[in-house]
Amino acid sequence: MRLILASGSQIRSQLLTNAGIAHEVQVARVDEEAIRAGLAAEEASPRDVADALAEYKARKVGMKHLDALTLGCDQIAELDRVILTKPETPDMARDQLAALSGKTHRLLSAAVIYHDGEPVWRHVGVVRMQMRVLSSAYIDDYVTRNWESIRHSVGAYKLEEEGVRLFTQVAGDYFNVLGLPLTELISYLIVRGDLPT
């Protein structure tokens with residue numbers, strides 16, 4: 001089996017490595033903003049947006065390597081059907097955290113595999129995240145301390161870091177929080193015969 005991860009995410013690559021799954025990394029160059037805008041115009045659901053972005057990435061790399069399994073991934077944070085993006089500024093991060101404070105939002109972790117020019121597997125994992133009520137002072141301090149890390153994360157937090165203190169409950173698979181439905185992916189690779197059991 002030749003597996004290509006069509007993502008520059010270090011954590012996704014590390015999860016595969018930790019699970020003993022050999023892979024290559026080839027970052028998919030896609031215009032995510034244009035794709036999101038097109039899907040928004042069609043009133044696509046956040047789940048469908050995550051799935052479509054994962055598929056675009058898998059296709060972009062997979063069409064160049066038809067013999068390989070090419071894995072594309074995308075993660076979306078969604079509050080009341082509104083998609084949260086990676087914050088571009090500290091103020092944007094503060095606004096996102098203020099909007100999430102005291103509420104439950106969803107993380108949608110999509111993965112699609114392309115093989116021989118076709119999508120052969122897909123999964124969207126869902127995690128429900130209940131955030132504590134946060135004071136504006138705490139939000140300011142949190143963003144100041146963590147900006148360099150959280151600027152790369154939808155919702156302006158990383159659960160695997162100090163972001164865990166923001167939540168009262170996390171309902172769902174931790175691997176989905178990290179951006180890869182790993183257990184489902186492993187099950188698929190076992191069924192295919194690519195991984196031993």
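This is a predicted model: local features need pLDDT of at least 70, side-chain atom pairs count only at pLDDT 80 or more; totals for chains, interfaces and linings use all residues.
Student: Where does Ser 135 lie?

Tutor: Ser 135 sits in the loop between β6 (118-131) and α5 (136-150).

Student: Is Ser 135 buried, exposed or partly exposed?

Tutor: The general idea is that buried means under 20% relative accessible area and exposed means over 50%, with partly exposed in between. Ser 135 has a relative accessible area of 41%, so it is partly exposed. As for distance, the C-alpha atoms of Ser 135 and Asp 51 are separated by 34 Å, and these residues are 84 apart along the chain.

Student: How does Asn 176 read on that scale, and which residues is it in contact with?

Tutor: Asn 176, in helix α6 (residues 174-177), has 4% relative accessibility and therefore counts as buried. Apart from neighbours within four places in sequence, Asn 176 is in contact with Gln 75, Ser 109, Gly 125, Val 126, Val 127 and Pro 181.

Student: Now the helices. At what angle do α2 and α3 pack?

Tutor: Helix α2 (residues 32-41) and helix α3 (residues 46-62) pack at about 140°, their axes 10 Å apart. Over 145 degrees would count as roughly antiparallel; α2 and α3 are therefore oblique to each other. Their crossing is right-handed.

Student: Which residues make the contact?

Tutor: From α2 come Glu 32, Ile 35, Arg 36 and Leu 39, and from α3 come Val 49, Ala 52, Leu 53, Tyr 56 and Lys 57. By class, this contact has six nonpolar, three charged and no polar residues.

Technical notes:
Residues are numbered from 1 along each chain as its sequence is written. Side-chain values use heavy atoms; hydrogens and water are left out. Axes are lines fitted to C-alpha atoms, for helices over the stretch in contact, and angles run from 0 to 180 degrees between N-to-C directions. Helices (H or I, at least four residues) and strands (E, at least two) are DSSP runs, numbered from the N terminus. Angles under 35 degrees count as roughly parallel, over 145 as roughly antiparallel, 65 to 115 as roughly perpendicular and the rest as oblique. A crossing is left-handed if the near helix is turned anticlockwise from the far one by less than a right angle, and right-handed if clockwise. Contact means heavy atoms within 4.5 Å. Ala, Val, Leu, Ile, Met, Phe, Trp, Tyr, Cys and Pro count as nonpolar, Asp, Glu, Lys and Arg as charged, and the others, Gly among them, as polar. Buried means under 20% relative accessible area, exposed over 50%, partly exposed in between (1.4 Å probe, protein chains only).
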